[in-house]
Amino acid sequence: MNRYNGRGLKETVDWKLVICYILLILIGWVNIYASIHSSEPASIFDPACRSGKQFIWILTSLGLAGLILFVFNPRIYESFSLPIYLGTIVLLVAVIFLGTEVKGSKSWFSFGPVSFQPAEISKIATSLMLATVMSQSGYRLSRFKDFMLTAAVILVPMAIIVAQSETGSALVYVGFVFMLYREGLSGWLLFMIGMAITLFITTLTASSYTSVLILAIVVTICNALYSGKFKMWLMTYLPAFMLLGFLPFLHERLAAVIGNPESFILKIKPIYILGAAAIILLPFYVMRAFRTGNSFKWVSIAAFIAGVLFIFSVDFLFHDVLQDHQRKRIEVLLGLKEDPTGVGYNVNQSMIAIGSGGLAGKGFLKGTQTTYGFVPEQSTDFIFCTIGEEWGFIGAAAVIILYVFLIWRIIMDAEHSREAFTRIYGYCTASCIFMHLFINIGMTIGIMPVIGIPLPFISYGGSSLWTFTIMLFIFIALVRNERKYF
C-alpha cells in the first residue's frame, strides 16, 4: 500500500523545471521588448505595447501555474480527459465556421482585443487523452484495435486543424510518434515517415522516376538485410539499379542525337521502363512471399505499392492540398524558386540578423535588423533571430541548451514515474516542445519552411504562453503527486 512520506514542496516539486521555465519566459519578455522598442517606444511594462501585454500574460501564466501545482487535484486530468478532448474537438470544428481569418487561416476566436486559438489547447487535450487511453490496463500498442484507437485520437484533431489551413500546428502532432516509439511502436514506422518525407522532396526537386528508383533500392536493401543476403544484393540488384539510374541520362543523349522528339524510341520514357520492370517482378515476389509465408516480404510489397501511389500523388498534394503561400515557402526553401523580396524575405532577413550577431552579439537594443524592423513578425515567429543578433552565438546556444535541458528533464521525470499516465503525458509534453523548437528555429535559419509556429515560452502571445504553461505544469503537478508517496 502507498504511504504518504511527509515530504514537502522542496522534495516533491521539480524546481529545476520551474527555474528553467522562468528563465525562458523572462528571456522571451526581454527579447520581445527588443524586437518592438523602435516601433513602439515605451517602457517594457507599458500595457499599450507588446512587451507590456506579454508581462500581463506572464503574470497570468504564473497564476495558472500556481493553481495547477497547488490547488487542483492532479487526478482530475485523467478523470476529465475525455470531456476535455471532446470539448476541444467541438471548438476546433466551430472555429472553422465562427472564427476569424488571420493570414489565410480560419483558426482564431476573437473577443474584442483578446484572441484565442483552439489548436493550441488541442495539444494539451490530445496529450491527456493519449495518456488516458494508453495507460489503461491491458492496453497494447501492438494490438490492432488499440493502435487504431490511438491513431484516431491523434488524427482527428490533426485533420480538423489541417482543414483550418493551420499546417504548422498540425505538423506538431507528428511529434507524438516519439512518445509512441517509447511505448513500443516499431521503429519501422519512424523509418517510413522519414522515407515519405524523402520521397516527397525528391519528387518535387528531381522526378517521379528518381523517387521510384530510390524506393525500390531501399525496399530491396531492407529485404536483403532482413534475410541476410546482402552480398547477393550487391552482385545482382546493384548493377541493375546502376543501369536504371543511367537511363534518364541515356535518354537525354539519344534525344540529342536523334533530334526528333516524335521518334518512337524517344517516346519510351525511363519511367515506362521502370514501371514495366516493376510489373514483371512484382508477381514473382508475390509468389515467393506466398510460398515462403514470409510476412516481411508481404509488408515490403505493400510498402512499395503504397510508396509508388504516394509518389504519384505528390503533385496533387502539393498543388491542390497545400495553400498557395505554403507552396511558395516550400519552393523557396527547396531552391525551386528564388524570391528574396517575397515569401523568402523573412527568412533572408532572419539569417542576416542571426549571422550579423557573431559570437557575442551586438548588445541589447543594438541590433540593426531588429531596431529598423527588417524582419516581419519578429516578436512572434521570428523571435529567435532577435536573440541571435543581439546576444550572438553564445546567447542563441544558451537558449537552445535551456530547451534541451527542459526536454531532457521532462523525459527523466517521465522515465522515473511509477504511473503510465504520467510517463506517457510527459513524453507527449516533451514531444510538443521539441517539435515547436525544431520547426521554429529551423524557420529562422532557413532549413524549414515558414509555417507560422511560435517558440515555446519565448514568442509573443497569450495563447501560446498559456498553453505551454498549462501543459508543463500539469506534468510537474503529476510528478509532484507521485513523489508524495513511497
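Predicted model: local features only at pLDDT ≥ 70, side-chain atom pairs only at ≥ 80, totals over all residues.
**Phe-457**

I started with Phe-457, which is buried at a relative accessible area of 2% (buried is under 20%, exposed over 50%, partly exposed in between, with a 1.4 Å probe and protein chains only). Phe-457 sits in the loop between helix 21 and helix 22; helices here are DSSP runs of H or I with at least four residues, strands are runs of E with at least two, and both are numbered from the N terminus. I looked up the backbone too: phi of Phe-457 is near 70°, a positive value in a residue other than glycine. Most residues other than glycine have a negative phi.

**Ground rules**

Residues are numbered from 1 along each chain as its sequence is written, and side-chain values use heavy atoms, with hydrogens and water left out.

I checked the confidence next (pLDDT is the predictor's confidence in each residue, from 0 to 100). The chain has a mean pLDDT of 84, and 90% of its residues reach 70 or more. Helix 6 (residues 118–134) has the highest confidence at 94, while helix 13 (residues 264–267) has the lowest, at a mean of 68.

**Whole chain**

I counted 22 helices and three strands in the chain. Of its 486 residues, 45% are buried. For contacts (heavy atoms within 4.5 Å), I took those with a separation of 6 or more, and 69% of them join residues 24 or more positions apart.

**Around Thr-469**

Back to the surroundings of Phe-457. Thr-469 is in helix 22 and is buried, at 0% relative accessibility. Leaving out residues up to four places away in sequence, Thr-469 touches Tyr-21, Ser-61, Ala-65 and Phe-457. I also noted the C-alpha distance from Thr-469 to Ala-65: 6.6 Å in space, for 404 residues in sequence.

**Aromatic rings**

A pair of aromatic rings is described by the distance of the centres and the angle of the planes. My search of the whole structure gave 18 aromatic pairs. The cut-offs: rings of Phe, Tyr and Trp (its six-membered ring) pair if their centres lie within 6.5 Å, and planes under 30 degrees apart count as stacked, over 60 as edge-to-face and the rest as tilted.

I opened Trp-57 and Trp-466: the ring centres are 5.6 Å apart and the planes are at 85°, so I logged the pair as edge-to-face. Trp-57 belongs to helix 3 (residues 50–70) and Trp-466 to helix 22 (residues 462–483), so this pair ties together parts 409 residues apart in sequence. Trp-57 is partly exposed at 23% relative accessibility, and Trp-466 is partly exposed at 32%.

Then Phe-434 and Phe-438, a stacked pair with 6.0 Å centre to centre and 20° between the planes. These two are four residues apart in helix 21 (residues 420–444), so about one helical turn separates them. Phe-434 is partly exposed at 33%, and so is Phe-438, at 40%.

Phe-457 turned up again here: ring pairs link Tyr-21, Phe-457, Phe-468 and Phe-473 into a cluster.

**Cavity**

I searched the whole structure for cavities of 30 Å³ or more and got one. A cavity is a set of points, on a 1 Å grid over the protein atoms alone, where a 1.4 Å probe fits but cannot get out; lining residues have an atom within 4 Å of a point. The largest cavity has a volume of about 60 Å³, volume being the space filled by probe spheres set on the points, which are joined across faces, edges and corners.

Its lining is Pro-74, Arg-75, Glu-78, Glu-419, Phe-421, Thr-422, Leu-478, Asn-481 and Glu-482. Helix 21 and helix 22 each supply at least two lining residues, and helix 22 gives the most, with three. I sorted the lining by class and got three nonpolar, two polar and four charged residues (Ala, Val, Leu, Ile, Met, Phe, Trp, Tyr, Cys and Pro are nonpolar, Asp, Glu, Lys and Arg charged, and the others, Gly among them, polar).

**Two last look-ups**

Ser-211 is in helix 11 (residues 208–227) and is buried at 0%. Beyond its neighbours within four places in sequence, Ser-211 contacts Leu-199, Thr-202, Thr-203 and Ile-311.

Gly-8 is in the segment before helix 1 (9–12) and is partly exposed at 31%. Its C-alpha is 7.9 Å from that of Lys-484, 476 residues apart along the chain.

How values were computed. 1 Å grid on protein atoms, 1.4 Å probe; cavity = no way out; pocket = protein on both sides within 12 Å on 5 of 7 lines; lining within 4 Å.
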